[in-house]
Amino acid sequence: MDFALSEEHRMLQDLVRRFVDDELIPLEKSVLEREAAGGGTVLSAAERERVDRKSHELGLWGLDAPKEVGGSDLPMVAMNGVNEEIGRTVTPYTLPPDSPNLRMLLATANAEQRAQYLEPYARGEMTSAIGISEAGAGADPASMKTRAVRDGDSWVINGRKIWVSRAADADFTILMAVTDKSAGTRGGISAFLIDKGTPGFNIARKIPMIGGIYTYEIVLEDCRVPASKLLGELGRGFAPMQLRLSTRRVQMAAWCVGLSQRALDMICEYAPQRSTFGAPLSERQAIQWWVADAATQIHACRLMAYDAAWKIDEGREARTEASMIKVFGTEMATSIIDHAMQTFGAMGMTKEMPLQLMASQVRAMRIYEGPSEVHRWVIARNLLGLKR
């Protein structure tokens, strides 16, 4: 067993760390001011252009994209180091392209779709969204009601999707729909590629979420797409969707390590400087235990995340591990960030500091990509050998 990144991957993580320190963390003041004013957690067009240009110059685009499209074809283990660093900041930035949708496309796209969608997406020339959740269905894909019906050389899609990030701006959306209701998740769900501006693909509303982010509700009304927009095999959309979800869950665990490490570093820097009742906070047992527990949990979460990433890189089943680290990572970060806020007292409650935004972001993570309760149920069901 080797629990260390290779020299090449460690150097990459160091490069991303410097990028975060030099380019993203300095933008936090502006981001926090916009969020406090009700403008959301966003970058201005000029800020995004500058950060895009710098990250591209550093060779940080397409890190896990195929080499034939200009990517570096890095394994998920290497991406864990990258995502830990990106997770340290509340500045909203994703190195193009977003890994979960990329990996789903890699697993399903045919030659035509690779040229039209995958390759420009991998190069950072297109953005994507994915529509899975539905009101009333929640984390249960078997309750999905959006239907796609074959009509000659087209598919006609009707239904609603909710909590879709980037839906209004994405160049294309990967949309999950029922094509055979009788087959359920074992052969009745298919994936489709829907281009921005397709008639019948309607943005119903923009939904403000905690943490200064927005999601969207989509209404599909006789949305007609060519048969060539079927992504992967008919009725076989559930497994690639799970691959995407596992990728995101590992990514989220790495983000949580980064967020937690940032919060722990803030405690360790502040506690020796702040005195109460004649002694520094760093001499209080409560603070010392928070620090010790945080360091221990971060170490454990990092190892769990690398284990899951390695198994996925090896082509092994890691859905249970992905559920474990999704629960452990988000709840760990919730606790550590809360202790950091408590350490800073009233200052930790202000919107001038990143802690409140970190807390909101992690709170949202405990819901999306499957709530903690569902993941615990899945883990227990697998261990107990229960069938749904």
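The model is predicted, so local features need pLDDT of at least 70 and side-chain atom pairs count only at pLDDT 80 or more, while totals for chains, interfaces and linings use all residues. Residues are numbered from 1 along each chain as its sequence is written, and side-chain values use heavy atoms, with hydrogens and water left out.

Q: Why is the pair of Y121 and F172 called edge-to-face?
A: Rings of Phe, Tyr and Trp (its six-membered ring) pair if their centres lie within 6.5 Å; planes under 30 degrees apart count as stacked, over 60 as edge-to-face and the rest as tilted. Here the centres are 5.8 Å apart and the planes stand at 75°, so the pair is edge-to-face. The structure holds five aromatic pairs.

Q: What makes Y121 and F172 a link between distant parts of the chain?
A: Y121 sits in helix α6 (residues 111-122) and F172 in strand β4 (residues 172-178), 51 residues apart. Helices (H or I, at least four residues) and strands (E, at least two) are DSSP runs, numbered from the N terminus. Ring pairs also bring in Y117, giving a cluster of Y117, Y121 and F172.

Q: How do you know whether Y121 is buried or exposed?
A: Buried means under 20% relative accessible area, exposed over 50%, partly exposed in between (1.4 Å probe, protein chains only). Y121 has 3%, so Y121 is buried. F172 has 0%, so F172 is buried too.

Q: What makes R381 count as sitting over the ring of W377?
A: The rule asks for NZ of Lys or CZ of Arg within 6 Å of the ring centre and within 35 degrees of the ring normal. The charged end of R381 is 4.8 Å from the centre of the W377 ring. K206 lies over the face of Y214, at 4.2 Å from the ring centre.

Q: Why is α1 called roughly antiparallel to α3?
A: Axes are lines fitted to C-alpha atoms, for helices over the stretch in contact, with angles from 0 to 180 degrees between N-to-C directions. Under 35 degrees counts as roughly parallel, over 145 as roughly antiparallel, 65 to 115 as roughly perpendicular and the rest as oblique. The axes of α1 (residues 7-24) and α3 (residues 45-57) come within 11 Å and cross at roughly 155°, so α1 is roughly antiparallel to α3.

Q: How do you know whether M358 is buried or exposed?
A: Its relative accessibility is 0%, so M358 counts as buried. M358 lies in helix α10 (residues 355-365).
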